[in-house]
Amino acid sequence: MSRSVRIRRAALATGTVAAVAATLFTAAGAYAGSAPADAPDVDVKAVQAHLGQLQSIADANGGNRAHGQPGYKASIDYVKGKLDKAGFTTQVQEFDNNGSTGYNLIADWPGGDEGKTVMTGAHLDSVDAGPGINDNGSGSAGILEVALTVAKSGLKPAKHLRFAWFGDEEDGMVGSQAYVDKLGADKSKIDAYLNFDMIGSPNPGYFVYDDDPRLEKVFKDWFATKNIATEKETEGDGRSDHASFKDAGIPVGGLFSGADYIKTKEQAKNWGGEAGKAFDACYHQSCDTSKNIDEKALDNNSDAIANALWKLSS
């Protein structure tokens with residue numbers, strides 16, 4: 001999450017059922033008018049394995065994965081390799097900032113109505129000071145494993161699914177703004193943009209973006225079924241990539257587990273953890289490593305992301 005731009009910135013007989021089902025397939029391969037299937041469980045160990053790879057990339061490249069540094073491009077290559085193998089159509093978009101080339105990775109899942117695209121994104125870059133495993137390896141790894149879960153399940157959504165990993169968020173949402181600037185009239189084709197910037201904070205909270213009531217409700221309803229209290233997200237307002245989309249008039253939603261704000265006693269009562277301490281005491285520091293993750297928060301948020309995609313794309 002960017003600190004530098006605070007103010008800116010989801011009963012018939014068997015034979016009859018088969019016949020009816022055959023007529024309900026749309027050209028995109030989805031069942032028209034059928035109830036959406038529940039999203040499968042996202043394997044948190046797989047999400048953590050991606051975080052381990054991002055940590056290794058940082059370790060091999062000067063301790064970070066920042067814009068303009070080799071660790072960032074290596075991070076893009078890692079995520080792209082996973083998506084290509086899973087059957088996504090990927091493209092790397094280049095942009096320039098501060099004298100260095102930046103990269104956005106865009107991945108499209110085949111099928112679905114591209115005039116109603118549900119887009120999920122996270123920034124992949126870290127700050128120069130550290131490997132950025134919670135900020136924002138957690139969001140990047142979470143949506144990567146959700147994308148791979150889409151592929152494993154053979155999901156045939158009615159709406160088109162697109163995933164994005166943005167560069168240079170830490171200098172003020174540069175990569176996401178470059179992407180939105182190139183959309184032109186295609187902005188109207190994005191039905192929703194869902195942003196995930198820090199979803200595994202070690203002293204976590206459960207914050208839901210309140211920018212769009214429809215998208216907010218999808219997340220709040222899921223957490224309610226798990227008896228997990230939520231609060232409106234305010235710490236990250238204007239400080240992450242959703243701001244680029246919101247400013248362009250695109251509906252946005254998302255989740256956040258907290259950065260350098262302090263957890264209150266009431267929040268600790270609801271969520272556990274330690275009151276009087278930051279949600280992430282290693283925010284933008286060298287100690288934001290693979291040890292700086294709460295597995296339960298990472299698991300809950302990854303499952304909530306999958307649920308939102310299954311619901312919103314049906």
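This report covers helix packing, the nonpolar cores, selected residues and backbone exceptions in a predicted model.

## Helix α2 against α9

Helix α2 spans residues 44-59, and helix α9 spans residues 295-312. Their axes come within 9 Å. They cross at roughly 110°. That angle makes α2 roughly perpendicular to α9. The crossing of the two helices is right-handed.

On the α2 side, the contact is made by V44, K45, V47, Q48 and L51. On the α9 side, E295, L298, D299 and S302 take part.

## Helix α2 against α3

Helix α2 also packs on α3, at an angle of about 150°. The axes are 9 Å apart. Angles over 145 degrees count as roughly antiparallel, and α2 and α3 are therefore roughly antiparallel to each other. This crossing, too, is right-handed.

From α2, the residues H50, Q53, L54 and I57 meet α3. Their partners there are G71, A74, S75, Y78 and K82. By class, this contact of α2 with α3 has four nonpolar, four polar and one charged residues.

## Nonpolar cores

The largest nonpolar core has 64 residues. Which of its members touch the most others? They are L83, F163 and W165. For L83, the contacts beyond four places in sequence are F88, T90, L105, A107, L144, A147 and W165.

A second core is separate and holds twelve residues. Among them are A164, F166, I190 and F245. In soluble globular proteins, nonpolar side chains tend to be buried together.

## I76 in helix α3

I76 is placed in helix α3, which runs over residues 70-86. Is I76 buried or exposed? Its relative accessibility is 0%, so I76 counts as buried.

Leaving out residues up to four places away in sequence, I76 touches V92, Y103, N104, L105, L124 and W165. L124 is 48 residues from I76 in sequence. In space, the two C-alpha atoms are 7.7 Å apart.

## Helix α4 and S140

Helix α4 covers residues 133-153. The helix is mostly covered, with 19 of its 21 residues buried. S140 lies in α4. With a relative accessible area of 2%, S140 is buried. Beyond four places in sequence, S140 is in contact with A122, H123, L124 and W165.

W165 is a contact of S140, of I76 and of L83. L124 is touched by I76 and is in contact with S140.

## T89 in strand β1

Strand β1 spans residues 89-97 and contains T89. T89 has 53% relative accessibility, and residues over 50% are exposed, so T89 counts as exposed.

Which residues does T89 touch, not counting those up to four places away in sequence? The contacts are I106, A107 and D108. T89 and A107 are 18 residues apart along the chain. Their C-alpha atoms are separated by 5.5 Å. A107 is also in contact with L83.

## Backbone exceptions

Most residues other than glycine have a negative phi, and most peptide bonds are trans. The following sites include departures from that pattern.

A cis peptide bond joins D135 and N136. Its omega is about 5°. N136 lies in helix α4. Just after α4, G154 takes a positive phi of about 65°.

D168 is not a glycine, yet its phi is positive, near 50°. D168 is placed in the loop between β4 (159-166) and α5 (174-183). Its relative accessible area is 1%, so D168 is buried. H284 is another residue other than glycine with a positive phi, at about 60°. Where is H284 placed? H284 is in the loop between α8 (265-271) and α9.

Definitions and conventions: Residues are numbered from 1 along each chain as its sequence is written. This is a predicted model: local features need pLDDT of at least 70, side-chain atom pairs count only at pLDDT 80 or more; totals for chains, interfaces and linings use all residues. Side-chain values use heavy atoms; hydrogens and water are left out. Axes are lines fitted to C-alpha atoms, for helices over the stretch in contact, and angles run from 0 to 180 degrees between N-to-C directions. Helices (H or I, at least four residues) and strands (E, at least two) are DSSP runs, numbered from the N terminus. Angles under 35 degrees count as roughly parallel, over 145 as roughly antiparallel, 65 to 115 as roughly perpendicular and the rest as oblique. A crossing is left-handed if the near helix is turned anticlockwise from the far one by less than a right angle, and right-handed if clockwise. Contact means heavy atoms within 4.5 Å. A nonpolar core is a set of buried Ala, Val, Leu, Ile, Met, Phe, Trp, Tyr and Cys residues joined through side-chain atoms within 4.5 Å. Buried means under 20% relative accessible area, exposed over 50%, partly exposed in between (1.4 Å probe, protein chains only). Ala, Val, Leu, Ile, Met, Phe, Trp, Tyr, Cys and Pro count as nonpolar, Asp, Glu, Lys and Arg as charged, and the others, Gly among them, as polar.
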